[in-house]
Amino acid sequence: MSGYHIAVVGATGAVGQQMLKTLEDENFPISQLTLLSSERSAGKKVIFKGEEHVVKAAAPQSFEGVQIALFSAGGSVSKELASEAVNRGAIVVDNTSAFRMDKNVPLVVPEVNEHALKEHNGIIANPNCSTIQMVVALEPVRKAFGLNKIIVSTYQAVSGAGAAAIEELKSQARAILDEKEFTPEILPVGSDKKHYQIAFNAIPQIDKFEENGFTFEEMKMINETKKIMEYDELHVAATCVRLPVVTGHSESVYIEIDNGDATVEDIRALLKEAPGVVLQDNPEEQLYPMPADAVGSNDVYVGRIRKDLDRPNGFHLWIVSDNLLKGAAWNSVQIAQSLVKLQLV
């Protein structure tokens, strides 16, 4: 076979566009490409490898003959159409939260648990963007030294909330600099009761609050990490914060490992060789990861590695990645590559 019939659902959105760019950059073997969207975006034209493709409205019959369908059009679309795609023979790689905690759906980061793909029943879930970059960095440490606790605080870009949130950040920044009035309408959550300024601010809420006081985004990180690492007893706590950064999520992560004799140098050596990780950790030269430098890269950047001053088995790390790439589009395409490599298509 010279290639595969690939469908991208949500082809006109920010992540869908990144998926197409990534498929092209990776020269993924494609014999036929089907681009799908909502009725609102149907009819738009997209260029892929120099050829013009017309985006069509997604419907059950759209998936006839499709072998791999990359979904990134919202959870409601995935719940409505993913099973329709599977019933027509496609393998769905879903970039929403619709199936992530379904016990019958593997939740996959190829650097961590590629083996889980073999258990798929037609649908594979792509984890939350913040979870992905964290587990890529921590899995080599877990394998070498064990891992029993994670406490993470995130500093997340507005692109994770969509194109409208990016525009809100820009318009608010212009209004503040011009000393003009403005009314927040989107962040922290478009459908929630109150909206707050994001420009020159930090909002300690991403997604809605649960009854336990954590937000849905924080619970995603907690539950998804345990599922991906296949360790239900792992202690995980998260605080997720939205910052006025367009692209690139950052995380301050505290971990406790099982081996109290491990050193900072040991962890640096592990991460220097870890797949998908770039080590940027030289305090003397002020070398550390920053979101502005991670934009456009598929890798996860790690720095500021230091031993806790009170706990011999405690370490602190700073983790940065492009949330639209490794956090979404690139991880989805990696899963598709793994399906081909493992001959699961």
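Select Glu52 and Lys45 to begin: their side chains meet in a salt bridge at 3.8 Å, N to O. A salt bridge here is a side-chain nitrogen of Lys or Arg within 4 Å of a carboxyl oxygen of Asp or Glu. Both Glu52 and Lys45 are exposed (exposed is over 50% relative accessible area, buried under 20%, partly exposed in between, with a 1.4 Å probe and protein chains only).

A note on what is on screen: this is a predicted model, in which local features need pLDDT of at least 70 and side-chain atom pairs count only at pLDDT 80 or more, while totals for chains, interfaces and linings use all residues. Residues are numbered from 1 along each chain as its sequence is written, and side-chain values use heavy atoms, with hydrogens and water left out.

Next, select Lys49. It lies in the loop between β3 and β4 (51–54); strands (E, at least two residues) and helices (H or I, at least four) are DSSP runs numbered from the N terminus. Phi of Lys49 is near 50°, a positive value in a residue other than glycine. Lys49 is partly exposed, with a relative accessible area of 39%.

Now go to Ser37, in strand β2 (residues 30–37). Is Ser37 buried or exposed? Its relative accessibility is 7%, so Ser37 counts as buried. Its side chain reaches the backbone nitrogen of Ala42 at 3.3 Å. Contact means heavy atoms within 4.5 Å; leaving aside neighbours within four places in sequence, the residues in contact with Ser37 include Gly10, Thr12, Val55 and Lys56.

Select helix α1, residues 14–25. At 1.5 Å a residue, its twelve residues should span 16 Å, and the end C-alpha atoms are 16 Å apart, which agrees. The expected span is 1.5 Å times one less than the number of residues. Among the buried residues of α1 are Val15, Met19 and Leu23. The buried residues of this helix pack against β1 (4–9), β2, β3 (45–48), β6 (68–71) and α9 (325–341). Just after α1, Asn27 takes a positive phi of about 50°.

Return to the salt bridges, of which the whole structure has 14. Select Glu64 and Arg88, whose closest N and O atoms are 3.1 Å apart in a salt bridge. This pair links distant parts of the chain, 24 residues apart: Glu64 is in the loop between β5 (56–57) and β6, and Arg88 in the loop between α2 (75–87) and β7 (91–94). Arg88 is partly exposed, at 27% relative accessible area.

Then select Lys220 and Glu217, whose side chains form a salt bridge at 3.5 Å, N to O. They are three residues apart in helix α6 (residues 216–228), so about one helical turn separates them. Lys220 is buried, and so is Glu217. Elsewhere, salt bridges that share partners join Glu64, Glu84 and Arg88 into one network.

Two backbone stops follow. A cis peptide bond joins Leu187 and Pro188, with omega about 10°; Pro188 is in the loop between α5 (163–177) and α6. Arg304, in strand β13 (residues 300–307), has a positive phi near 50° and is partly exposed, at 38% relative accessible area.

How values were computed: A polar contact is a pair of N or O atoms within 3.5 Å; within protein, one must be able to donate a hydrogen and the other to accept it, and residues adjacent in sequence count only if both atoms are side-chain atoms.
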